[in-house]
Each structure stands twice: as C-alpha cells, then as structure tokens.
Protein chains: 2
Amino acid sequence: MVTTLTRTIIGKSATKYDAFAKVTGEAQYIQDLTQPRMLWGKILRSSLPHARILNIDTSRAEKLLGVKAVLTAKDLSGRPIGFGNDNEILKGTKVRCVGDEIAAVAAVDEATALEAISLIKVEYEPLPGVFDPILALSDSSVLVHEGKGTNLSMDYHFETNIAALDAAMEQAAVILKDRFTLPFVTSASMGTHGCMAMFRNGELTMWTPTQVPFLYQHELMMALGIPGKRIRVIQPAIGGGFGAKLDMYPYEASCAHLSMVTGQPVKIVFTREEEFQASRPRQPMLIDLVTAADGEGHLLARTAKVICDNGAYNSWGATTPFVGMQTISSLYRVPNIRYDAQIVYTNNPYSSAMRGYGNPQHTFAVESHMDMLATKLGMDPLTVRLINANQSGDITPQNMKITSCAFSETLSEAGKNLGSLPSEAGKLRGKGLAGMIHVGGGARVYRSDGCGAVVKIDDMGRVVLLTGATDIGQGSDTVLSQIVAEVLGVDLKDVRVINNDSDLTYWDVGSHASRTTFVAGNAAKLAAEEVRTQIVNAAAEILKVGPDQLILKDNRVVVTNDPELFIELTKLIRAMHFRQDGKLLVGMAFYDPPTEMQDNKFMGNVSAAYSFGAHGVEVEVDTGTGVVKVLQVDAAHDVGKAINPLGIQGQIEGGCVMGLGYALSEEMKVREGRVINANFLDYRLLTCVDAPEIRGKIVESDEQQGPFGAKGVGEACCIPTAAAVANAIYAATGVRIKELPITPAKVLQGLNDLRKTTDNSEIEN
Amino acid sequence: MVTTLTRTIIGKSATKYDAFAKVTGEAQYIQDLTQPRMLWGKILRSSLPHARILNIDTSRAEKLLGVKAVLTAKDLSGRPIGFGNDNEILKGTKVRCVGDEIAAVAAVDEATALEAISLIKVEYEPLPGVFDPILALSDSSVLVHEGKGTNLSMDYHFETNIAALDAAMEQAAVILKDRFTLPFVTSASMGTHGCMAMFRNGELTMWTPTQVPFLYQHELMMALGIPGKRIRVIQPAIGGGFGAKLDMYPYEASCAHLSMVTGQPVKIVFTREEEFQASRPRQPMLIDLVTAADGEGHLLARTAKVICDNGAYNSWGATTPFVGMQTISSLYRVPNIRYDAQIVYTNNPYSSAMRGYGNPQHTFAVESHMDMLATKLGMDPLTVRLINANQSGDITPQNMKITSCAFSETLSEAGKNLGSLPSEAGKLRGKGLAGMIHVGGGARVYRSDGCGAVVKIDDMGRVVLLTGATDIGQGSDTVLSQIVAEVLGVDLKDVRVINNDSDLTYWDVGSHASRTTFVAGNAAKLAAEEVRTQIVNAAAEILKVGPDQLILKDNRVVVTNDPELFIELTKLIRAMHFRQDGKLLVGMAFYDPPTEMQDNKFMGNVSAAYSFGAHGVEVEVDTGTGVVKVLQVDAAHDVGKAINPLGIQGQIEGGCVMGLGYALSEEMKVREGRVINANFLDYRLLTCVDAPEIRGKIVESDEQQGPFGAKGVGEACCIPTAAAVANAIYAATGVRIKELPITPAKVLQGLNDLRKTTDNSEIEN
C-alpha cells in the first residue's frame, strides 16, 4: 500500500479532538441527556452484606403519587448477568453484598423515585458474611453462592516443565519469597455510572457510557431475553471508564425493564456514594511470589500464588489473572514458571477491570522482587533488570512473541541516578525503578479482536470516519483522525469521528487492553487507504501520470517530482462524482489482528505487539512523619511510534498520578462489605496539586504491524509506578514495604523496625 | 444480479416506517429541538411590498435585557441566495415584498426576541409596487430589481420545426384557443419552517427540515462564505415539504450568522402567519393554450404562452416551466409544439417548487382542452385521449424516451361512466377525466441525480440502511426498507433507515421530482445486493452448493431445491466475522440514473422513466348555490410496480385531496403583495371531512430500470385532479371554468351565463 512519504500529521502533537466540547461544557454526558416523558429510575440496594430476603413489600411505594413502576425479581424474565451468569438483575431470595439490587422504581422525578425507594420494606434474615478470601477458602460454613458448594469461583494455572522448575530452584544462588498485598482501589471516574433506556415499538435504545458497545448489545440481549437486533446502543460522552464500564451492570437491565413496563424513557444515574459502593473496584490481591536467580542475577525461575478477592459476583474482573500471569511469565526472561491464581467469592464489593487489568498488582510484586534481588546480590537495580530484559525476537514461556521491543532503552532512560540521594536533615531521598510489559497490539479475549471502519469524503472535502472504537477519554478519536488525515493528506480538522451509535458503527470488541490505537488505528488506516487508492487512480488519469507518482498533501493530489502539477482534492472528488458512472468516495475496512486465543494451558500469542516501559521515581521521605513526597517521575515508554506525542504525554501524566495514588494514598476501605470512605474527602485521590514533575520520555521502536509503527500505551502508564515508588522508598530509607498503599504509618513503622534491627545488629555486632 | 425469486415483502402493504413515532408524538420536529444555552431568533420583516430603506435604528432593541445579537445587512458577509442570487439575506437598501427580511435578533427567549423586533425602527420611502405580471412586463416604470432594467427574470422557449407547426395549424379541423388562470396556493405544511444553528469551534451544525440536505450544505456555504466542509446538516422529522423546503431561506442564513456572532445555538421557527406570508407558494400562471387537431381528434399542434408571477425573487420555483413544458410537449402525442414561458418579477410573495412543479397548472390547461376538443368533435372524452395517448417506445418532441407506459390503461380505468349522470332535482351530476405525465425515474436538473447508500448487517442481524434520501412524509423510508428486506430475505422490521445527518449519509440530490423510490430505491437495492452476494458466497462454501442455488428468506440462506438445507443468517454472519481474516457485512452503492441534462434547446431525456395516470372525478353541483360536491374520485396510476400498495394509496388520497383543494377551495389571496387570508379559517384547505371516496387503482407496467419495476408516483397523484374536476363540472352542467379555484360564485356565474346563452339561442332559434 502506497503511503505519503513525508508525514505531516503523524508524530505532531494535536489538541484532543473532544477538547472544545469538554472545556466548554458542551459535551453531553449521560447526566445531561433527557427525553420527552422521561422517568427517573432508582435502585433499592441491600444494606446488608449477606442476608436472606424473606419478604419485599412494595405496596406503599406503588401507591405513591408519581410512581410509574416498581419492579422486583418476580417481575423479571431473562438471564442473570456477569461472567458466568451468577448475578441476578434483581435479587429475590438472597443478597450477597452491600449494594445488591433488590427493587427498581421509575417515577416522574428523582425525588419521587427516591421517596418510593424509601417506602419499600425488605424483611431480611441476616447471614454471617465472609470478607476475607483466605477465610472464604478455608471455611465453607459461609457460602456466598450455596449452589456452588465452594467459595472458589475460578482458578488459573500455568506452568512450564515442573521438573525443570524444581531443578532451577535447586541451582539458584538466590531465592526470594515474599507476600505482596494489594488493596481495593476504585477508578473514581468523574462521570458516575448512568444509563437511559427507551423501549418503544419493540425496539430498545440504550444510552450508556459503555466501553464495549457491541458486547453490551449482546449482554443486554441475554439479560432481557429480547433479540439483539432490537437493541441499539448509543454512547454519550464518557466521563472516564478505566475498565469499570466494561461490564453491563444489573441496574442497566433494570432500567430497560422499567422502560419496557412503563412505555416511557427511564434514566438512572449513580450518586457518588453509589459509585463508590456499586461500581467496580480494582481487585485486592495477595501475591506470594518466589523468585530464583543465579549469582550474576539471571532469573532462573519464578512462581506466584495469587488470591483475588472477587467479591460477591464475577465480572470481567474475575479474568484479570489472565493478564497478571503474563507479567509473571514474560516481563523478564524467566525460563521456568509456575502460576496459580484463585478467584474467591466473598461478601465484599465485586471487582472488575481497571486500567492495567491485574498488571499493576503483579508488577508491584515482580518489580519489588527485582530490586530486592539486586540488593541481595549487591548489584545495581538497573543492571539486574537489563540483563534479564526481553528483547525483540524473544518468545516467552506463554508463547508470546515479542516483536518491537525497546524495553532496555526505557529502563536506561528511567533508571538514571538510582539509589540513595543527598537530602536535607530529617529527610531521606532516593530513586527507584520499575519496568512493565503489557499487550500493545490488541488482546484476543473474544473471538473477534477486530474493528470495522468506514471513511467517506463528501464533495466539500469533509471527511468522516465511522469506527466502532470508543474514546473513553484516552484520546483515540484524535489519533484515529490523525491517521485518516495523514493518509488522505488533508487538514486534521477536516476529519470528523463518529463512533457512538451501534446503528452507525461497525463491530469493535471495545475500549480495553490498550488496543484502540493499534486495532482501530489499523482499521481506520486501511479504510482511508482504500479511499486514497481511488483518489490516486482517478487523479492519475487526469494528470496523466502513474498512480505511484502521486502524493496526497495539503488537500491536493500532487505529482511527486513536479509539485507544480496537482489537482485540488475537492475538485477531483467532484469530477469523480459529477460524471457518467460517477462514484462517491468511501472506503471500508475490517482489521482483526493476527493473534491467537490462548489454549486451556494459557499458551498463545494473544497480542500482535507488546508495549514496554519503565518508571523511575524520586521520593523524599520525612523521617519524623513518614510522609512520602514524590519529587519527580521519569516515565519512559516504548510506544512503537508516537502518533500524537501530546496525547501520550497526557496518558503518561494521568497514568503516573493514578500509579502514585495506588502507591501512596488510595484505598477503598471496606469493613464487613461496606465502603466506609465513599467520598472524595476520605478516599484520597491525588489531584493536580499533588502531582510531581512528570518527565515523559517517548521511545519509538517502530512496530511493523502497528499503524505508522504505533502500539498501545493507554494502560502501560499506570502499571510500574507503585513498584517504583516502593523501590524509591527503599532506596531512600532501606525500608521495604510490600503492602499498598504505603501510608506514612507504614513508613514510620518500617523506619522504627529498621532502627530496631540496626540497633539489634549493632548490639549483636 | 441474482434476486430472490418469490417476493415476500415487495408488493405487500407495509405500515409506514415512521408511523409509530408520528402517532405517539415521539417524532422530534424542529419545534421540539433544543440545545443547552439555545437562543431564540426572530426576523424583522418588511411590512411594505416595495420601499427604499432609509434607516434602520436597532439601538433600542440592542439595549433590551436578554437580547444577545441584532443583525442588519451591514453586519453580514457572504453572497445573496436564491436561483440567480438575487436575494440578500438581510435587506439593507430596499424591500421588494411584504415579509422581506430586514433584521435578525437573538435573545434568551421567544418573547424577548419578539419584543426586540418590535423595538427596531425602520424608516422607509414607500415605492409604487407592481403586483400584476402582465403590467410588470408592459410597464417598466416600476422595476422590482432596478439593476436588471426589466421585470422579466427568465424566459423559456421550446419549439419544434416552426414551418411544420404553421402547416399543421393550417390543416387543423379544430383549433382551440383559451386562457387558463391559476391562483396562488400554498402547501400549508403542518410543520412550519424553522431551523436551529450551532456554530462552535469553526464548525456549523444546522438542524433544518430541508428536502435537499446536500444542496443545502452547498447553498449555505455560498451564503455564509465559510467552507462547505465545516457545515453539517441534520434533518429533524419533517412536517411536510411539498417543495417549499427545497430552497434555503434567507432566515436560515441569518440564524447561522446569529449563532456565529453569539457563540450560542440559535433557533428560529415560523409562526403560521409567517408560514403563509414568507414560505413559498405555488406559482400563479396565465396559460394561453392553443390546441389543433384533425377531424378524428388526432392532435396536430399545440402552443402555449405562459406568464408566471415569480414574485420578488427567484427561487427554484422560477424553473418550473422546465416541467410544465414537458406536459405541453409530451403528455399526449403532439408532433408540433411551441412553448414560451416568462418568469416575471412582481412585488408579490415569491413562489417555489410545490408538488408537481408547474405540472398541475399546465395539466389543468391541457386536460381542459382535451375535453373541449372532444366536445367540439362530438367524441367522448376517453376516446379522444386514448387515440392520442403515449405508448411505450414513444420518443416525445423533447426527446423524452417513454419506456414503461400504461397511460391508456389508467385512462380507461379512471374514465368509466364519463359525462352527465342522473341526479336529484336542483342538482346536476357529472364525471370528468384528466390524465397526466410526470418524471418517474429521476430528473436530471443537477450534475448528479444520484443517491449513495450503504447497507450493513451486524452480528445480531440488525440491518441498517444509510441513505442520502430524505423522507418528507412520502413514505420513502418504508419503501427503501422493504427493498433492503426483500433483497436480504429478512423481516421488514429488521431494517432501520438512517438518513438525517450529512455526516453519516451519502450524496443525494434531494427529495423532489418523485425520484426517491426510483433513484434511492435503486441505490439501496444495489447496496443490499452487494451484501447479498457476500452472504451467498459465504453460505455456498458452508453448504457446499453453488451460489446460484441459494435464496435468502425468513432470515435464512436456503438451498432452493432442498428447503431443509439452510443456514441461519445471523449464524452465517457470525461465522464470517469470527474467524481468521474475518469480515463484516457491508455494501455500498451509488446509483445515478442513465439520463441526460437537457441542452439549451430543452432537448434531452431527463428521466429514466415516466409516470402516467388519470383521475376520473364525479361531482354534484347544486344549481341553486353553485356549490360543487365531489362524490368520488377514481385515481388510476401507472407506478411501474407497487412496492408498498398502502403507501401508494396514501399518496393517491393525499394527492387527490390536494388536487381537489386546488380545484375548488384553496387560494392564497394576495392584495398589494400582502396575504390577506394567512390562517386556516380563511385559507380553505380541505380536511378529512371534506374528502370524498377516493378509489385508488394501481396499474403496474414493470419499469425495467426501476427497483423491482417501480417508478415514481409522489407528485403524480395531485396533478390531474383539478382538470378532472373542471371537466366533471362541465359534464354535469355544461359550464366550462378555466380559472381556479372553481368557487360557487364562478359556478353560479357560469350557470347564469349558460342560461342567458341558451335563452338567447332559444330566442334566436
């Protein structure tokens, strides 16, 4: 395929496509949407973490003036939802977590709906709850799902040759064994969940900020028991997703039912408190990691036993070990691997996908160990990583094929000046490093990992890209329009992206796995190239040159070696249209990356490319208070090719701040299944005033299969940060903390313990 | 192209696609639309028909609280609009008709905008006006456009060999010479005009119920002087168009300017009074028709001199003689033709396209003459038509090529029991006949008469047709979805039509010239067939048969001679998608009919097919009051093939009622340029209680180039009605009325005149 020789748009920083609408407030979120005769829906949620429902009395609610419908489990048909279909839309016999949906109400306004909810009387028989996954496994007296006979929901097991693994452990000069503990955190999207359902004339239209409109259509079909072809999914502006908008939620099916029952549009929007309690957090994990290495620091073997607190039901989050095990097996060259993960039902909130999808947890463990290994061997933390780093051409134990790879460069970039640093009195400074690997060329978790795209140009030169790919804030609309503009040689602002309506767009498996730039980018590029071919062929006829002598730039088709010879693009388009046997300019493409589903042994090259990166974090620890101040982050990422450098800087900054929050301050505190800090005062999200200087460093490795060489980077930016912070604290203080978040109390405790140990050893010496 | 052998949807009556939304009130018209921060716009209109503007004082309006912008001519850039660009968006120096736009205001609400308008002081110097086109031509002391030096805006001239024409006139046994007079009528759409403009970030989005979104985009570009590629046109539900929504109106460009100036969305909606005064009526015409025939009734020659009252500016309406002359030259076989039409500026409201586009006027003249010829020769009115009727294979004097033609059948169907009929005392009954011809396979009035269409099917079997074609109420969405459903063998309700947003859809020259079923239908069919080919090829592989052995029906691909062997369509679609090198199902087509632009002598086959029809109307005349009661209409139409018989019945009923109103009651009364009956009490639109029994008779002639044999019929249904009414009144009473509307006063006058003539002749005898 011919492409323009000099790139005028790719690689140049572009303002975000949606910036104007977002900063002026013109973007329409689910909160802004309305429809004539729209009703407000509200969900009555369980106040108990585990209880039998003896009776639900909705009679008073039904009598309230303005209430149009009250639904409970007995009113619904359809199928339970969630991964494994363990989650009823409305719970009729038992609640398994605080926030479980018991009844749904539609009323003429929000206040009436709230009032109606308060009038519903639920008679519970409280049951003992289980809130600790280890207890849940060992003690089967409390079963979250009785029918299953166990609280173990799923397990994952991967291993290389066990004899070889055992032998490697035998030979190892160093063996590290540690437990790493990761808390509940939540994405805290600025836009809370919400949806609006309109059922009329046998057709359901759902407005919902889903990240996966086509999977959503399918899920809704199954949940409601109506044909999928009667469902249209429209996405309003999405106020952040981060994975939590990957699942269809029970309230969404209830909202559809309310509209079906009332014949009116119904909208349900979460309050912030609901968002904390009933949206999906990142999984808490316990990771028992064993790392074995030889005397020079070469990794010989690694095993991990992971316990995930799944909460009461399975969402997509129950599958995150799929990604986490890749970090165990493939972040560094390790020939021998054993990985076990157990997904355990508890009566806690149930977790979901969240940026990184299990990877931040596993990377925290692995990269803490890499530093500990360096310490043990007296090596510097950079060297121990470099000698184990993956290289282009590697095939990892899970059969992942590393194509482009600038991991070593990112480690070297981020890993300058590691270790303890000079500081003022009462403070200790240090810099730590951590690397990461993540899928960067799609991730085949569904039978299609593809994306469809159509590019059209009208007679005026207005270019429209219709794509299935969803921009959840990551900036993909900008990147996709850059790709199309580059191929067609038009101004970036000539390209409009439309991607919010399943009736208009073409299949895409969704915005997750950092796949949009790679997969949707390739689709958009192919569609634009199809248009370009038609343009070039028509222009060649008119200009009487070969098609290969033409380039598209500045809205013209120009003869390469005679720039004075050209035709205006719109003039050409009209000439193609306004003639006998005229044609319109449109191109269609479907791109599905050349990858494979992993087999039941978790072997297979799930992604067409892998992204690498490393963060170097410099911290200052106040030895009196234990407060950790992050002074600086060096974040180097191998992105293949930066299509929009400004966008990547944004991703890096956002990812680092999210990673720093994970490291230092964020924790959704759950006590007996209840979130006790469900607000932004008590849940300590970092804000712009907390952000340190973040020096993003883009490293380009030119991924051959990526659009213009690009690969995914969206999740990557938040993955290694927490580990780098822990390593920096160690570098500064000698305190090794293996449990997030690293609160001042933990640091102080560590400093005290260290002082004791030092004192003891001084005594012993 | 393979098509399904038995038709399951084509030819079966289907409920209108938009019926549910329309009857439930869920359809969103321009009146229903709003945007955050939307302002209301109002136009200050001239109260005088002709005056110089000496001064416009907007200072008080500008000071009014809530007023955001006041614009006058001096504030605008861009170009005058209209056919020939004679119409400034805001008039700064002179007004030429009542309702001319002088100032535009945007304010926070409608009341404030109205108040602001009332505060603008315009100082006029009244000028004498000219309101009669004959006077306007003969007396150049009053010039509507001084710069032009004449009130003649345009003229049209067509002739065959003049010597032959003269010779034919010489030889003729009968020569009829009559003047026919046609009044102002208006389409009186239930949805008044209105638009909403939103200019932001250099992009203009216009919501407007235009019939021609792509021409509109171009016109707006020229009017505003901004690039067309920065303009998006979105059509809300259209509350009737009938041609009046073919032109972009000056207020629409003002609305865009108001949004550009204020940075806020602005909406302007016409009141009903504005709709009467400032929307576009059908042209009043004076038609001097000469018909020459031999003794057996064969037509030898026909000449027409037509004067059209154009009003103050040229709209598309100034080109209606283009169609009218086709009626003169081609409704019946007439070898010798001369046609002259003059489009004359006056200070009256300016007229536009309206259903039939000049044809109802010309058909009234021609079909009155056909009856008068029969009377003169003592022939019956049906026979005189049949012997002159066009037949398939004819080429008319303008080089129009008649393909399918069931004109004679329609005449015979509608022309049963013509003449005087028995009636009770004091009443006279009779039945009259009139035929018609109209373009039925597009009309090449622009360089492209084409339409683009995309058909896609998703994994659930939801089919979407994206088409440029606009449904203005005629039911084309239903017909297009039937075509797609038929080709793909799916349920009609599986097909969704999207056609209201220029960003999504593909070029279509617009809804006019009864072209949508034919042109957009062919485009939709081709696009669906492209999809069908992909389906059949994939199914053939799986079912191991040849593609030609497969048919699509009941959402299955079935082996023709083994109906038990089939594959579910959606299963096949998913099999095509979810595999290596998978694909999505989408087809694209652009159809531009094989026609030609007429040359400057008006020669050329403008349409790929022609539609014929005939109405037989039975009336009862009250001889005491002159009141004409229509008892029955027999309306026979050659539609090629009825795709949706119910839809055609609807068109026939609506067309007949419109034609009956034109015949009997409708007249927009204009006095010195002012509409004096600008309301539905005084403007006598027929309603359902006035409607007689209308017996639609569909005649099928199987148009080879039409989709499934169909050709256009939208305008046809209103064209011959008025002539048939006049002929029926003649049949009943012997009174020949050549001026519409045929009011009771005119009938009484005719009866009195007739009585006098009879008395005189009795005396003379």
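Analyst: A residue is buried if 20 or more other C-beta atoms lie within 10 Å of its own. The model discussed here is predicted.

User: What makes helix H12 of chain B largely enclosed by the rest of the structure?

Analyst: Helix H12(B) spans residues 407-414, and six of its eight residues are buried, so the rest of the structure largely encloses it. The buried ones are Phe407(B), Ser408(B), Thr410(B), Leu411(B), Glu413(B) and Ala414(B).

User: What covers the buried residues of H12(B)?

Analyst: The cover includes helix H11 (381-386) and the strands S17, S25, S26 and S29, all of chain B. Strands S17, S25, S26 and S29 also belong to an open sheet of five strands in chain B, ordered S16-S17-S25-S26-S29. Its pairing is mixed.

User: Why are strand S16 and strand S29 of chain B said to stand at the edges?

Analyst: Strands pair if DSSP finds at least two bridges between them. Strand S16 (419-421) and strand S29 (693-699) of chain B each have a single partner strand, so one side of each lacks a neighbour in the sheet. On average, neighbouring strands are turned by 20° against each other, direction ignored.

User: How do you know that strand S26 of chain B and S29(B) pair?

Analyst: The cut-off is at least two bridges. Strand S26(B), residues 628-638, and S29(B) share seven, in the parallel sense. One bridge joins His637(B) to Ile698(B) in S29(B). Helix H16 (645-664) of chain B packs on this sheet. H16(B) touches strand S25 (610-622), S26 and S29 of chain B, and its direction makes about 130° with that of S29(B).

User: Which strands does helix H17 of chain B lie across?

Analyst: Helix H17(B), residues 721-733, lies across S16, strand S17 (427-439), S25 and S26 of chain B. H17(B) runs at about 155° to S17(B).

User: Which residues touch the most other members of the largest nonpolar core?

Analyst: They are Val725(A), Ile729(A), Val725(B) and Ile729(B), in a core of 496 residues. Setting aside residues up to four places away in sequence, Val725(B) touches Gly432(B), Val617(B), Val619(B), Val630(B), Leu660(B), Ala663(B), Leu664(B) and Ile742(B). In soluble globular proteins, nonpolar side chains tend to be buried together.

User: Why is Val464(A) called buried?

Analyst: The cut-off is 20 or more other C-beta atoms within 10 Å. Val464(A) has 23, so it is buried. Val464(A) sits in strand S19 (463-467) of chain A. Beyond its neighbours within four places in sequence, Val464(A) is in contact with Lys456(A), Arg496(A), Ile498(A) and Asp503(B). Val497(A) is 33 residues from Val464(A) in sequence, yet their C-alpha atoms are 5.9 Å apart.

User: What makes Asn201(B) and Asp581(B) count as exposed?

Analyst: A residue is exposed if it has 12 or fewer such neighbours. Asn201(B) has 12 C-beta neighbours inside 10 Å, so it counts as exposed. Asp581(B) has 8, so it counts as exposed. Asn201(B) lies in the loop between strand S9 (194-200) and strand S10 (203-207) of chain B. The loop that holds Asp581(B) is between helix H15 (569-577) and S24 of chain B.

User: How many residues of chain B are in contact with chain A?

Analyst: 36 residues of chain B meet 36 of chain A. Elements giving two or more residues to the chain B side are helix H6 (213-224), strand S18 (451-457), strand S20 (495-498) and strand S24 (585-591). S24(B) gives the most, with three residues. By class, that side has 14 nonpolar, nine polar and 13 charged residues.

User: What ipTM and pTM does the predictor give the complex?

Analyst: The ipTM is 0.94 and the pTM is 0.96. For chain A, the mean pLDDT is 96, and 99% of its residues reach 70 or more.

Definitions and conventions. Residues numbered from 1 in each chain as written. Chains lettered and ligands numbered in written order. Predicted model: local features only at pLDDT ≥ 70, side-chain atom pairs only at ≥ 80, totals over all residues. Core = buried A, V, L, I, M, F, W, Y, C linked by C-beta atoms within 7 Å. Contact = placed C-beta atoms within 7 Å. Helix = DSSP H or I, 4+ residues; strand = E, 2+ residues; numbered from the N terminus. Nonpolar A, V, L, I, M, F, W, Y, C, P; charged D, E, K, R; others polar. Axes fitted to C-alpha atoms, helices over the stretch in contact; angles between N-to-C directions. pLDDT = per-residue confidence, 0-100.
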